[in-house]
Amino acid sequence: MTPPVPTPWLEVDDLWIEFVTRRGIVPAVRGVSFAIGPGESLGLVGESGSGKTVIAQTIMGLLQSPGRVKRGAVRWQGKPLRFGDRFPRDDVRGHDISIVFQDALAALNPLLPVGTQITEVLTRRFSLSPKTAKERAVELLALVGIPEPRERVRNYPHEFSGGMRQRAMIAIALACEPKLLIADEPTTALDVTIQAQIIYLLRDLQQRLGLSLLFITHDLGVIAALCDRVAVCYSGKIVETGPAEQIFARPAHPYTQGLLQSSAARDDGRDRLLGIDGTPPDLLALPPGCAFAPRCFRADAACNAAVPPLAGVGVDHAAACIHPLVGAEAVR
């Protein structure tokens with residue numbers, strides 16, 4: 001008898017998000033669906049403006065006006081999470097699901113010691129005494145690799161380096177012992193050496209704590225080091241998804257291939273990186289067919305006629321392309 005398939009921890013189902021502007025309604029996210037199970041890591045990758053951060057904000061209930069959910073659902077362990085409030089009050093967001101933001105200096109309160117910002121989370125969620133909360137804050141700073149945590153717990157954010165501030169943000173996110181950690185481009189503003197340290201830290205924490213991870217980035221090198229699966233976003237849609245190893249070895253969508261060719265993450269013997277011609281489309285004036293068609297070397301009349309659905313191109317591998325790359329083309 002086949003054992004039952006466990007329910008994913010997080011399910012995003014046909015999510016549509018739009019922004020009301022003076023120029024019109026901007027469809028920022030268009031029919032995005034994905035799931036993350038226990039201990040899994042999913043990389044959400046794409047150019048700036050592809051909708052990655054908006055998806056994370058919506059999951060956390062942080063989507064603000066003029067943004068709104070047009071339709072779709074976000075479920076945690078099979079139960080729907082509601083939208084509509086800036087800070088939905090439930091037992092999931094901030095507890096079972098936590099987020100690490102891109103700019104730690106902007107996210108941390110400059111007027112409060114880092115330790116106070118951690119203990120605030122602990123006292124609110126667990127009603128710990130100030131003394132117990134402070135000890136736990138010291139433990140969390142030690143967990144994320146901050147040296148001399150008992151002394152540093154009294155320091156203010158400006159007394160931390162960029163990498164240490166990001167570690168402090170991760171400590172705050174882990175304070176409530178979440179099951180899923182959303183990391184929204186946490187290495188973007190850091191130099192290469194510190195980026196590597198943060199990636200190693202997240203990978204180590206995921207293994208030690210059994211975390212699931214949703215990692216949002218435009219850096220394919222980070223995805224290769226950290227994620228089991230990849231979802232590639234373009235103009236608010238997922239255009240390719242599958243195991244990271246498959247997508248890196250044989251991308252099926254021309255946009256994914258373009259990202260790989262323009263990234264130092266893939267060592268294929270080239271003397272230089274190749275860019276993607278053209279620019280992303282205006283979301284207020286999307287073409288009737290594939291949004292990537294104006295930039296695609298394989299586009300034809302069929303690509304401009306209809307929006308291609310995600311279709312299987314391999315085991316657990318799908319691409320939204322009428323003419324997916326196959327065989328040698330995929331490593332062109």
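These legends walk through several close-up views of a predicted model.

**View 1. The whole chain, to get your bearings.**
Welcome to the protein chain, whose secondary structure comes to 10 helices and 12 strands. Along the principal axes, its C-alpha atoms fill a box of roughly 70 × 55 × 45 Å. The chain has 332 residues, and a compact globule of that length would have a radius of gyration near 20 Å; the value here is 21 Å, which agrees.

**View 2. A four-stranded open sheet.**
Follow the strands across this sheet and you meet them in the order E2-E1-E4-E5, with antiparallel pairing. Strand E2 (24–36) and strand E5 (79–80) are the edge strands, each pairing on one side only. Strand E1 (residues 10–21) and strand E4 (residues 67–76) are joined in the antiparallel sense over eight bridges. To find one of these bridges, look for Ile-17, whose partner in E4 is Val-69. Helix H1 (residues 52–59) packs on this sheet and touches E1, E2 and E4, with its direction at about 110 degrees to that of E1.

**View 3. An eight-stranded open sheet.**
Here the strand order is E6-E7-E8-E3-E9-E10-E12-E11, and the pairing is mixed. The edges are strand E6 (97–100) and strand E11 (311–314), and each of them pairs on one side only. On average, neighbouring strands of this sheet are turned by 20 degrees against each other, direction ignored. E6 and strand E7 (residues 180–184) run parallel and are joined by four bridges. A handy landmark is Ser-98, which has Leu-181 in E7 as its bridge partner.

**View 4. Two helices side by side.**
How do H6 and H7 cross, and at roughly what angle? The axes of helix H6 (residues 162–174) and helix H7 (residues 192–209) come within 10 Å and cross at roughly 20 degrees, which makes H6 roughly parallel to H7. Their crossing is right-handed. From H6, the residues in contact are Gly-163, Gln-166, Arg-167, Ile-170 and Leu-174. They meet residues of H7 including Ile-194, Gln-197, Leu-201 and Leu-205. By class, this contact has eight nonpolar, three polar and one charged residues.

Terms used
Residues numbered from 1 in each chain as written. Predicted model: local features only at pLDDT ≥ 70, side-chain atom pairs only at ≥ 80, totals over all residues. Heavy atoms only, no water. Axes fitted to C-alpha atoms, helices over the stretch in contact; angles between N-to-C directions. Parallel < 35°, antiparallel > 145°, perpendicular 65-115°, else oblique. Left-handed = near helix turned anticlockwise from the far one by under 90°. Contact = heavy atoms within 4.5 Å. Nonpolar A, V, L, I, M, F, W, Y, C, P; charged D, E, K, R; others polar. Pairing = 2+ DSSP bridges. Rg over C-alpha atoms; globule rule 2.2 N^0.38 Å.
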